[in-house]
Number of protein chains: 2
Amino acid sequence: MTNSEGLHRVVIVGGGFGGLNAVQHLKRAPVRITLIDKRNFHLFQPLLYQVATGGLSPANIASPLRSILRSQKNVEVVLGEMTDLDVEHRRIILKDGSIDYDTLVLAVGAENFYFGHNEWAAFAPGLKSIEDATWIRRKILLAFESAERETNPQSIQAWLTFVIVGGGATGVELAGALAEIANITLKDNFRHIDPSEAHIILLEGGERLLPAFPPSLSQKAKESLNRLRVEVLTQALAQDITTESVTVRLQGETRRIATRTVLWAAGVRPSPLANILSKKTGVPLDRAGRILIQRDLTVPGHPEIFAIGDLVNLAAEDGKPLPGVAPVAIQQGSYVAQVIQSRLRRKNSSPFYYRDKGNLATIGRAAAVAVIKNLRFSGYLAWLTWLFVHLMYIVEFENRLLVFLQWAWNYFTLNRSARLITGVDDSEVEPPRGL
Amino acid sequence: MTNSEGLHRVVIVGGGFGGLNAVQHLKRAPVRITLIDKRNFHLFQPLLYQVATGGLSPANIASPLRSILRSQKNVEVVLGEMTDLDVEHRRIILKDGSIDYDTLVLAVGAENFYFGHNEWAAFAPGLKSIEDATWIRRKILLAFESAERETNPQSIQAWLTFVIVGGGATGVELAGALAEIANITLKDNFRHIDPSEAHIILLEGGERLLPAFPPSLSQKAKESLNRLRVEVLTQALAQDITTESVTVRLQGETRRIATRTVLWAAGVRPSPLANILSKKTGVPLDRAGRILIQRDLTVPGHPEIFAIGDLVNLAAEDGKPLPGVAPVAIQQGSYVAQVIQSRLRRKNSSPFYYRDKGNLATIGRAAAVAVIKNLRFSGYLAWLTWLFVHLMYIVEFENRLLVFLQWAWNYFTLNRSARLITGVDDSEVEPPRGL
């Protein structure tokens with residue numbers, strides 16, 4: 001990439017909420033931006049669980065980066081993967097080639113983390129990518145298919161038992177949607193099994209579901225899930241996961257759950273690039289491996305390097321680290337864009353503070369919990385709020401329209417059309433990871 | 001599967017147009033139906049090329065069989081793959097288990113055929129399955145991405161050259177959609193290349209495109225494609241295909257085309273089950289391997305075995321074999337259902353004759369060719385006809401609605417939203433087959 005124009009070169013790695021917002025808020029800045037992502041699309045992660053549960057198609061929540069940014073002439077999109085960093089020469093190293101920067105913004109997000117049990121990744125999919133989502137969708141649908149074909153009662157029970165590890169927003173939303181599939185969507189679809197007899201178990205290691213919410217709403221979420229016949233186990237730690245079972249340490253005793261379907265919503269960790277950045281700049285990491293950045297979102301001693309989103313640990317006013325959610329990344333992205341522009345104008349910027357607009361989680365059909373400013377509410381109103389907020393944040397209008405249409409359709413017909421078992425070599429039934 | 005009800009057992013293998021129509025036309029018959037498919041959905045194949053070119057999502061043209069048939073109580077859907085046939089005991093063998101029948105309907109369709117060059121399948125995808133379509137989509141999009149990253153002019157040219165082998169409806173429709181992507185959809189998406197400089201070549205071995213259409217319309221199709229800057233080569237036979245080039249035997253001389261993207265639309269052959277059926281019943285196959293069935297669509301000497309759709313060769317009134325298109329399979333499916341019911345009522349049935357309602361092929365945006373009864377027309381009106389007919393045949397109303405909405409959207413915004421490079425292990429750029 002030549003620098004013929006001689007403009008300030010901003011390289012942004014990662015086209016998620018943080019990176020994309022940084023790019024878009026630099027629209028009118030006299031800079032030359034390079035946005036690098038290993039995928040060709042921006043993914044609306046908060047709705048990924050709906051792809052995993054057949055409510056939406058991947059394309060509904062993924063928008064090609066080139067298409068989003070086609071009219072922003074000061075940005076070039078590069079499909080590539082950053083592997084290393086040359087701090088001294090201000091250059092990032094890609095799998096194929098390298099790109100020089102004047103200012104670097106790292107927004108590469110997080111990945112599934114199995115707490116040192118990487119072997120679990122082979123059969124307990126997390127929910128970070130489109131491929132994860134379609135894999136989960138395949139696993140769920142094939143479980144019901146296998147139960148329908150199976151004759152041995154124990155085996156049928158194991159196929160109809162679903163364990164979700166992790167009681168945060170993702171786990172709660174997956175459990176709710178899965179219950180909806182079992183109780184409603186698949187009604188009358190089978191002749192030998194009754195899908196509504198599926199046993200859905202949600203495991204949370206801590207005291208309560210949705211630790212990011214006030215206890216009253218955790219309680220409401222638990223009640224909503226129980227109404228959907230989801231068994232919620234708190235202080236329940238997955239000790240071992242195999243293709244046949246999950247072993248849980250449950251308030252002192254150990255319980256073995258026979259299941260063929262385990263979904264992982266328990267943990268993520270920052271991209272390995274956090275480590276590389278730490279090695280190259282000496283920036284400290286927290287125990288979760290997140291970068292401990294300064295209040296202006298730069299790396300100590302390197303004002304030219306910003307890090308944002310799930311990659312970093314920054315304390316909120318209450319001293320707790322900010323949660324790894326889209327709004328934090330979005331605000332950090334636009335903050336970085338504003339700092340870069342201030343610097344070009346030789347102006348100072350005030351430090352970053354997160355404006356917490358609230359927190360939402362939905363539980364199946366027409367139920368949700370919401371915290372907005374000092375308001376706390378749940379049920380139908382919270383669900384409508386969730387619907388509205390998520391629709392408004394979807395990047396492309398077409399997708400907003402399609403998602404709305406499908407939600408309306410799914411709501412009124414109790415159907416979910418995107419229930420495809422794909423990515424399977426026609427000859428095999430249980431596909432390997434990543435297909 | 002027990003036969004407690006003691007009803008006549010109809011086993012239908014294949015949930016495509018033929019098999020699904022047979023099932024649905026047996027809705028009120030006093031029979032017990034088992035529908036077996038190795039996929040869990042019915043695929044609307046005529047629109048598969050639109051998934052391959054990013055215009056539609058897989059779920060828009062695929063409907064779960066269980067969901068289509070949920071209210072038809074006399075049918076049981078089995079996700080399974082037929083591997084063999086026991087004619088004597090009237091039993092089909094699956095990968096896992098077996099199913100007895102009183103009447104068997106084979107409707108397993110066709111698969112890609114590379115004329116003895118199976119090695120080409122590894123890099124010249126055909127267009128028979130959802131996985132084929134997303135693989136083609138990935139290949140096309142990655143070709144433009146690679147051209148954007150590439151610096152060597154020859155390599156850029158090779159990445160921007162697309163060769164489609166086969167000038168039937170599929171090839172023509174792929175070429176038209178691909179030209180639309182290059183000329184319109186990707187406009188302004190790149191900074192180093194101009195997608196409209198893509199070189200799209202359509203190879204047809206015969207004298208003219210669309211051999212199933214009258215010559216005047218073949219000519220019209222060629223003109224429409226030329227307007228889209230597609231190079232059409234007739235009497236052009238692919239002699240060799242590699243990851244780097246296609247060697248073409250062109251009216252005597254040989255031409256080597258440097259390309260990184262070859263799409264296969266040249267040939268299909270019946271499922272291997274045609275061979276098995278022939279071995280077990282002695283039914284003759286034609287040179288293409290299709291089953292030569294009787295006018296009542298049964299196998300000679302086996303009135304209890306029907307074969308329909310792309311699997312069979314049945315002469316039309318003009319003596320030519322019926323084309324392997326959806327309307328033929330649909331009419332054969334409902335014919336078989338009617339014969340089965342007549343037999344239960346001890347009635348005779350008249351032989352099957354295909355009512356040809358016409359033939360349609362579309363060429364990119366707002367252009368198509370149509371033969372309906374004695375009418376022959378092309379251009380915008382033909383395109384509207386194509387649009388209407390295809391929308392009406394989509395099985396589920398929701399999909400009809402979504403497809404219509406996206407077509408309208410794509411038409412007016414010149415955009416295609418389903419342009420996702422998925423199924424790729426995040427670490428690799430060129431994914432293996434089947435991902």
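Leaving aside neighbours within four places in sequence, A:Thr385 is in contact with A:Leu360, A:Ile372 and A:Phe377. This is a predicted model. A search of the whole structure finds 26 salt bridges over all chains.

**A:Thr385 and its setting**

- A:Thr385 sits in helix α11 of chain A, which covers residues 380-393.
- Is A:Thr385 buried or exposed? Its relative accessibility is 18%. Buried means under 20%, so A:Thr385 counts as buried.

**A three-stranded sheet in chain A**

- Strands β23, β24 and β25 of chain A form an open sheet, in that order. The pairing is antiparallel.
- Which strands lie at the edges? They are β23 (359-362) and β25 (375-378) of chain A, and each pairs on one side only.
- On average, neighbouring strands of this sheet are turned by 5° against each other, with direction ignored.
- Strands of a sheet pair through backbone hydrogen bonds, either parallel or antiparallel.
- Strand β24 of chain A spans residues 368-372. Four bridges join β24 to β25(A), and the two run antiparallel.
- A:Val371 has A:Arg376 as its bridge partner in β25(A).

**Salt bridges between the chains**

- Side chains of opposite charge can pair when their charged atoms come close.
- A:Arg66 and B:Glu145 meet in a salt bridge through their side chains, at 2.5 Å from N to O.
- This pair crosses between chains. A:Arg66 is in helix α4 (residues 65-68) of chain A, and B:Glu145 is in helix α5 (residues 130-149) of chain B.
- Are these two residues buried or exposed? A:Arg66 has 6% relative accessibility and counts as buried. B:Glu145 is buried too, with a relative accessible area of 7%.
- A:Asp96 forms a salt bridge with B:Arg149. Their closest N and O atoms are 3.5 Å apart.
- This pair also crosses between chains. A:Asp96 is in the loop between β7 (91-94) and β8 (98-100) of chain A, while B:Arg149 is in helix α5 of chain B.
- A:Asp96 is partly exposed, with a relative accessible area of 41%. B:Arg149 counts as partly exposed at 23% relative accessibility.

**A salt bridge within chain A**

- The side chains of A:Arg255 and A:Glu231 meet in a salt bridge, at 3.4 Å from N to O.
- Where do the two residues lie? A:Arg255 is in strand β16 (residues 253-258) of chain A, and A:Glu231 is in strand β13 (residues 230-233) of chain A. The pair is 24 residues apart and links distant parts of the chain.
- A:Arg255 is partly exposed, with a relative accessible area of 28%. A:Glu231 is partly exposed as well, at 26%.

**Helix α12 of chain B**

- Helix α12 of chain B covers residues 397-413, which is 17 residues. From its first C-alpha to its last it reaches 24 Å, close to the 24 Å expected at 1.5 Å a residue.
- Which residues of α12(B) are buried? They are B:Glu398, B:Asn399, B:Leu402, B:Val403, B:Gln406, B:Trp407 and B:Asn410.
- An α-helix has 3.6 residues a turn, so residues three or four places apart point the same way.
- The buried residues of α12(B) pack against α12 (397-413) of chain A. They also pack against α2 (48-52), α3 (58-61), β4 (62-64) and α11 (380-393) of chain B.

**Positive phi in two loops**

- A:Gln251 has a phi near 40°, a positive value in a residue other than glycine. A:Gln251 is in the loop between β15 (245-250) and β16 of chain A.
- B:Arg90 has a phi near 50°, again a positive value in a residue other than glycine. B:Arg90 lies in the loop between β6 (82-86) and β7 (91-94) of chain B.
- B:Arg90 is partly exposed, with a relative accessible area of 37%.

**An exposed strand residue in chain B**

- B:Glu253 is found in strand β16 (residues 253-258) of chain B. At 53% relative accessibility, B:Glu253 is exposed.
- B:Glu253 and B:Val51 are 202 residues apart along the chain. Their C-alpha atoms are separated by 36 Å.

How values were computed: Residues are numbered from 1 along each chain as its sequence is written. Chains are lettered from A and ligands numbered from 1 in the order in which they are written. This is a predicted model: local features need pLDDT of at least 70, side-chain atom pairs count only at pLDDT 80 or more; totals for chains, interfaces and linings use all residues. Side-chain values use heavy atoms; hydrogens and water are left out. A salt bridge is a side-chain nitrogen of Lys or Arg within 4 Å of a carboxyl oxygen of Asp or Glu. Buried means under 20% relative accessible area, exposed over 50%, partly exposed in between (1.4 Å probe, protein chains only). Two strands pair if DSSP finds at least two bridges between them. Axes are lines fitted to C-alpha atoms, for helices over the stretch in contact, and angles run from 0 to 180 degrees between N-to-C directions. The expected span of a helix is 1.5 Å times one less than its number of residues. Contact means heavy atoms within 4.5 Å.
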